[in-house]
Amino acid sequence: MRIKLSRDLGPQAMGLVELAQSAQMLLITPVVSGLPAAVSRMTAKAAPERRVRILRCALMLSILVSLPLCCLAFLLREPLALWLGDIRTLPALLFVLPCIPILGASSALNGYYYGIGRPIPPALSELLEQIIRFFFCVRLCALLRGWPMMLRAAVPSAATMIGETLSMIFMFLLCAHTVFFARSHGNRRVIVSELLTLALPLTGMKLVSSLMHTVSNVLIPARLQLSGLSVSESLAQLGMMHGMMMPILLMPSFVTNSICMVTSPELTRRQANHQPMPPLIRRALLAVSGIGLAAAGAVYLLAPVFSGPLYRQAELLPLLQKSCMLVPILALSQTASSMMNALGLQRKSLFITLFASLVSVLTVYFLAPVFKLWGAVAALFLSELITLCLSLRALQKACMKHSEYMY
């Protein structure tokens, strides 16, 4: 979809899309990050009737957080657009607001299904949402051709709102009996307290990561202008990096994220049942490494196709070829972070993310005016490498501690 959007909208509009989506990630992080992981972890080791109570408490929490957040974001929509550095992001931001409560409910339901070992319903929901998003993106881009750039840049957000709404309806239809009629037991206060204890550190980590990502995206065009580029050129460079290069580098994530989703609940169960964890961790990391290295080679070989017939951007060729080794690093970093969350190491993840994000922002600040877009690429490489190394070290320590406890 992003490839199609990049061809239809162009680099400058994709820069606006990226700025708006940075704010979108920041706004939805409180409801889509920590809570589903907490639900998955708790339901993975709970009795069936307590699982139902966990799901209901999670849905209640998602509504209590998302609705005030949605109202606050609406009141601050103009200052937020100005903070992003371009008021033309305002229409896209308005379409994001209804997604906050919708995504909050969907993420709680997804966490429940992953926790009970049934990945098919959330997979079907995600597939439905992606198909609907793609269809509406294509149709809206065709209908709005020739319209002002600020309206065309809102197309992805509008399509996301439609797709997420229909996806949530699908999920509720699947589990309506569980949510409304199934028997449940468990102290509601205790469950809510446990959900918050597990969710808040991870939410804080993702919030810091989203905030730093947004700051970096706002900073990149500003620092690129110091290198001599105009406002439109710097925005186009941001669109090329995040709207064209990153979708190619992240393409293997549809496989590696699936590995994370099925590995994390199993790790939680092994930890709770005092079973060995290193073999599962090694298999997951080896699988992700193999996929990442194969994908990196494919990106290098196919870079002329991506930059030529696909994107029609000659500048993208060296960018893809020299950045292809980011593919396995990105895949391994995401996998290691997911496994840390499954083992309850959210606090360590928070500190790792904060440190890596600060390094990224500082690298952009100092290198982008000198090396232009390569400074931003270097910032991404450094932050992901730091995250990977520190996460692997934390996993190693957790496994050693678990082994000592077993024996």
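Reader: Hey, which helix is Ser 6 found in?
Author: Ser 6 sits in helix α1, which covers residues 2-9. Keep in mind that this is a predicted model.

Reader: And is Ser 6 buried or exposed?
Author: Buried: its relative accessibility is 3%, and the cut-off for buried is under 20%.

Reader: OK, what does Ser 6 touch, leaving out residues up to four places away in sequence?
Author: Ser 6 then has contacts with Met 14, Gly 243, Met 244 and Tyr 311.

Reader: Switching to α12. How many residues does α12 have, and how far does it reach?
Author: Helix α12 runs over residues 231-249, so to speak a 19-residue helix, and spans 26 Å from first C-alpha to last.

Reader: Where does α12 bend?
Author: At Met 240, by about 25°.

Reader: Why is α12 described as largely enclosed by the rest of the structure?
Author: Because 16 of its 19 residues are buried.

Reader: New topic: how many cavities of 30 Å³ or more are there?
Author: There's 1. The volume of the largest cavity is about 40 Å³.

Reader: Which residues line the largest cavity?
Author: Leu 249, Leu 250, Pro 252, Ser 253, Thr 256, Val 327, Leu 330, Ala 331 and Gln 334. By type, that lining has 6 nonpolar residues, 3 polar and no charged.

Reader: Which helix gives the most to that lining?
Author: α16, with 4 residues. Both α13 (253-272) and α16 (326-342) supply at least two residues each.

How values were computed. Residues numbered from 1 in each chain as written. Predicted model: local features only at pLDDT ≥ 70, side-chain atom pairs only at ≥ 80, totals over all residues. Heavy atoms only, no water. 1 Å grid on protein atoms, 1.4 Å probe; cavity = no way out; pocket = protein on both sides within 12 Å on 5 of 7 lines; lining within 4 Å. Points joined across faces, edges and corners; volume = space filled by probe spheres on them. Nonpolar A, V, L, I, M, F, W, Y, C, P; charged D, E, K, R; others polar. Expected span 1.5 Å × (residues − 1). Bend = angle between axes of the 7 residues up to and from the residue. Buried < 20%, exposed > 50% of the residue type's maximum accessible area, 1.4 Å probe, protein only. Contact = heavy atoms within 4.5 Å.
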